[in-house]
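Keep the viewer open as you read.

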Amino acid sequence: MVAPSPTSMMLRTKKTKAVGIPTIDLSMERSELSELVVKACEEYGFFKVVNHSVPKEVISRLEEEGTEFFSKTSSEKHQAGTSTPFGYGCKNIGPNGDMGDLEYLLLHTNPNSISERSKTIAKDHPIKFSCIINDYVEAVKELTCEILELAAEGLWVPDKSSFSNIIKDVHSDSLLRINHYPPVKKGKDNWDPSKLQNNNTIGFGEHSDPQILTILRSNNVGGLQISTQHGLWLPVPPDPNEFYVMVGDALQVLTNGRFVSVRHRVLTNTTKPRMSMMYFAAPPLNWWISPLSKMVTAHNPSLYKPFTWAQYKQAAYALRLGDTRLDQFTRF
Ligand code: GA4
């Protein structure tokens, strides 16, 4: 078998322009880094980061907890609370009938909320569980702030903390999600050709994330795909040691459309279980979201009406998963 080379992960568009997922090495020189972050956020709204600061043990401990939780019986898992929206969910995504071939844990990252949830998710070791979640959230939040500061520098925003301060707020509405996609075997019950994508079922349907930034890590099983600006679905190679970064709708607004939120989906594997963990970095509920003044000029007027994060969430939860929610808040 031939080992995959970087070029083998690239696709070509009709005009033979190579498209591939940007990889950003965080140990590089800062000025170069900030330019690369901006470029990736503009072109893909998606990139991979390597040489990040999140300790390996912090990641592996969360992975172990996730594996332990999802191996429980269905009735034990349901005791973690129904996902409306927080707790354990199975197949249902959101309140409007969206379904996927997955199960998940969705948690608010507020430490009090984590401590309460731990009592039902990990009944026999709630304190250990909440420490593992808090350590992961803190480490990934730090990585998120570093990336947001690089983005602000690359955009020449005068205060490089303009984006990161939003998620550092103690009332930030950031979330942590652990998704488990059991393998889906070909069988007469689940193999309806009209519901298949390249012979796989849909684990999590096409959507963009409403928040500022999503930091994703998965085990070694693929399935994630991103939609490029050329309308191609690009498979994302799994890498358990590194993180993928996704621009969310709120960052698209803060940059007045210069960065694009990435549409993505997950297909199930036919033989292996995929587990992924996402940190969704969000503003506090009462935070007003509108383009930073640096991003608005006479030639480039604000594309969006101001709205609070609570208003945006309300709009998101009133729509289907795949709907484009920003349309309701555009000026033109
Ligand atoms: C997508 C990103 C996050 O997973 C999430 C999802 C949320 C949910 O599963 O409850 C939503 C979805 C997500 C976007 C539109 C609404 C809300 C399901 C849904 C139909 C937790 C989030 O914040 O938005």
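First, some ground rules. Residues are numbered from 1 along each chain as its sequence is written. This is a predicted model, so to speak of local features we need pLDDT of at least 70, while side-chain atom pairs count only at pLDDT 80 or more, and totals for chains, interfaces and linings use all residues.

Let's start with the eight-stranded sheet. Helices (H or I, at least four residues) and strands (E, at least two) are DSSP runs, numbered from the N terminus. Two strands pair if DSSP finds at least two bridges between them. With that in hand, you can trace an open sheet of eight strands in the order β3-β4-β12-β9-β14-β7-β6-β5, with mixed pairing. At its edges stand β3 (23-25) and β5 (87-93), each with a single partner strand, so one side of each is left without a neighbour in the sheet. On average, neighbouring strands of this sheet are turned by 25° against each other, direction ignored; axes here are lines fitted to C-alpha atoms, for helices over the stretch in contact, and angles run from 0 to 180 degrees between N-to-C directions.

Now zoom in on β14 (residues 274-281). β14 pairs with β9 (residues 213-218) in the antiparallel sense over six bridges, and Ser218 stands opposite Ser276 there. β14 also pairs with β7, again antiparallel, over seven bridges, with Arg177 opposite Met278. How many of the residues of β14 are buried? Eight of its eight, where buried means that 20 or more other C-beta atoms lie within 10 Å of the residue's own, exposed means 12 or fewer, and partly exposed is in between, with C-beta atoms placed from the backbone. Arg274, Ser276, Met278 and Phe280 point one way from the strand, while Met275, Met277, Tyr279 and Ala281 point the other way.

Over at another part of the sheet, helix α1 (residues 30-43) lies across β3, β4 (46-50) and β12 (243-247), running at about 160° to β3.

Next, the packing. In soluble globular proteins, nonpolar side chains tend to be buried together. Here the largest nonpolar core has 73 residues, and those with the most contacts inside it are Val37, Ala151, Ile212, Leu213, Ile215 and Val245. Such a core is a set of buried Ala, Val, Leu, Ile, Met, Phe, Trp, Tyr and Cys residues joined through C-beta atoms within 7 Å. Helix α5 (residues 126-154) gives the most to this core, with 12 residues. Take Ile215: setting aside residues up to four places away in sequence, Ile215 touches Val140, Leu143, Thr144, Phe243, Val245, Met278 and Tyr279. A contact of this kind has the two C-beta atoms, placed from the backbone, within 7 Å.

There's a second open sheet, with four strands in the order β8-β13-β10-β11 and antiparallel pairing. Here β8 (202-207) and β11 are at the edges, each with a single partner strand, so one side of each is left without a neighbour in the sheet. Strand β10 (residues 224-227) pairs over three bridges with β13 (residues 264-267), and over three bridges with β11 (residues 233-235). The hairpin of β10 and β11 has five residues between the strands, and Gly231 in the turn has a positive phi of about 80°.

Finally, look at Phe307, in strand β16 (residues 307-308). With 19 C-beta neighbours inside 10 Å, Phe307 counts as partly exposed.
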